[in-house]
Amino acid sequence: MFKTLLQRELKLALRRPAELVNPLVFFLLVISLFPFAVSPEKADLAKVAPGVLWVAALFASMLTLELFYRGDYEDGSLEQLLLVTRAPYLVALAKASAQWLLSGLPLVLISPLLAGMMYLPDDGLLPLFLGLLLGSPVFCLIGGVGMSLTVGLRRGAVLLGLLIMPLLIPVLIYGAGAVTAALQGLPYNGQLALLGALLLFSLVLTPWASGAALKVSVSS
Amino acid sequence: MATWTWFHRWSSPKWFYEKSGRWLPWLFTIAGVLLAYGLVHGLYFSPPDYQQGHSVRIMYLHVPSAFLSMSIYVIMAVCAAVGYIWRIKLAHAAAAAAAPIGAAFTFLALFTGSVWGKPTWNTYWVWDARITTELILFFLYVGFIALRHAFDDQQTGDRAAGILAMVGVINVPIIHFSVYWWHTLHQGATISRFGKPKMDPNMLEALLVMIAAYYVLFIAIFFLRLRNELLWRERQASWVRELAK
């Protein structure tokens, strides 16, 4: 069941590749704004790099949330899916997995390139990469809860940010914290372990919340 | 069986409306007496702090607000969960009635904290763990209220906001323990259930009275708001029409 759902999501998404490139372009654009807004100096950029890269990654993954629910909601296939499966959490989990594979993972993969643009010292590269690898699925999972709550609303997009940003702050703290610790020559496996714990925690719990929320949104 | 009928009666809006109406004057009286005692005691009779001087007195307003800001979120989440799981109308109404009060107390905690911060830390705002998590709590309340009102259908709004409250409640322990987990500017807990409090008994008494006063005041305002909420939600019901006559 999960496999079929995931394959469907991937197939549908790959048919509109332009939309999948959008978050990557957005990520790139946001990063390239900082040298203009802050300063093009190497020292200044390197100092803010960990935080800037993480915040930009968060915004970029929020941008894609709409993509994965809105279309299905509008043409009624979300309702059909929920009627057929009787396991709404599987639908939610498939959505979140597809979203991560198609938008989260590419974001993680190009992060070293963008880190180079921000003059992030080499010591910070590995924790940034590993941190994003653990943290970006959490964005998709918690974002999925927010999206399934607001999918039936016309003003959903604005509300979505308000609902999920507060919940994503721990990811941001530990993610950027790991990079900062590595730059100071400190061990960063503690932060990564916490990110891993957050990932497992949200992997277990958020599909249930998303599934329940989907049922509420669709029944209205 | 007796407990069950008792429990079921509580979940009936009409029964609650009648009972709470009789309690309200008492609740407000008790809250008023406690507030008057606590304020006079705290603001006038208790000693100034040896380090902070008279500015410590804002603690009598600040600490209870901070206590309530977290308690109310938990109460709201529990009510929302009860309403979501057992589909009890009263529970959803209770969550809806509690949210704005919680947001108000959170704001009060942030505001009094910043007024206190100016003379003590010489700044109105610090990005300290406790303060920042409290601000996030404020956003959680605002999110709950906004989501509930965003749906045209009240029942859908209740259920959706209920899920959000249940998800958001994991942030409350984070706020509570932030002082221990991140050693930043904010001071640690002064009152602990274990061990002797590190505080002058006079100050402690005033503070405890203020905390009690705030809780009773919260219950009173909560009942008042819940009664309004019930009248609005049950406006088609016969007992409300009977009342309106």
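This is a predicted model: local features need pLDDT of at least 70, side-chain atom pairs count only at pLDDT 80 or more; totals for chains, interfaces and linings use all residues.
1. As for where the lining comes from, the elements that give two or more residues to the lining of the largest cavity are α4 (89–121), α5 (129–150) and α6 (154–168) of chain B. Of the elements involved, α6(B) gives the most, with 3 residues. The space in this largest cavity comes to about 30 Å³, and the count of cavities of 30 Å³ or more is 1.

2. A separate feature of chain B is the packing of helix α3 (residues 59–86) against helix α8 (residues 201–233), where the angle is about 40 degrees and the axes lie 9 Å apart. That angle makes α3(B) oblique to α8(B), because angles under 35 degrees are the ones that count as roughly parallel. The crossing in which α3(B) passes α8(B) is right-handed.

3. On the α3(B) side, this contact is made by Met59(B), Tyr60(B), Leu61(B), Val63(B), Pro64(B), Ser65(B), Phe67(B), Leu68(B), Ser71(B), Ile72(B) and Ile75(B). On the α8(B) side, the residues that take part are Met203(B), Ala206(B), Leu207(B), Met210(B), Ile211(B), Tyr214(B), Tyr215(B) and Phe218(B). When the residues of the contact of α3(B) with α8(B) are sorted by class, they divide into 17 nonpolar, 2 polar and no charged.

4. In chain A, a reader may turn to helix α3 (residues 42–63) and helix α7 (residues 125–150), which pack at an angle of about 30 degrees with their axes 11 Å apart. The two helices, α3(A) and α7(A), are therefore roughly parallel to each other, the cut-off for that description being an angle under 35 degrees. The crossing of α3(A) and α7(A) is right-handed.

5. The residues of α3(A) that take part in this packing are Leu53(A), Trp54(A), Ala57(A), Leu58(A) and Ser61(A), and they meet Leu128(A), Gly131(A), Leu132(A), Gly135(A) and Phe139(A) in α7(A). By class, the contact of α3(A) with α7(A) has 7 nonpolar, 3 polar and no charged residues. Ser61(A), Gly131(A) and Gly135(A), which are among the residues that meet here, fall in the polar class.

Methods. Residues are numbered from 1 along each chain as its sequence is written. Chains are lettered from A and ligands numbered from 1 in the order in which they are written. Side-chain values use heavy atoms; hydrogens and water are left out. Axes are lines fitted to C-alpha atoms, for helices over the stretch in contact, and angles run from 0 to 180 degrees between N-to-C directions. Helices (H or I, at least four residues) and strands (E, at least two) are DSSP runs, numbered from the N terminus. Angles under 35 degrees count as roughly parallel, over 145 as roughly antiparallel, 65 to 115 as roughly perpendicular and the rest as oblique. A crossing is left-handed if the near helix is turned anticlockwise from the far one by less than a right angle, and right-handed if clockwise. Contact means heavy atoms within 4.5 Å. On a 1 Å grid over the protein atoms alone, a cavity is a set of points where a 1.4 Å probe fits but cannot get out, and a pocket is an open set with protein on both sides within 12 Å along at least five of seven lines; lining residues have an atom within 4 Å of a point. Grid points are joined across faces, edges and corners, and a volume is the space filled by probe spheres set on the points.
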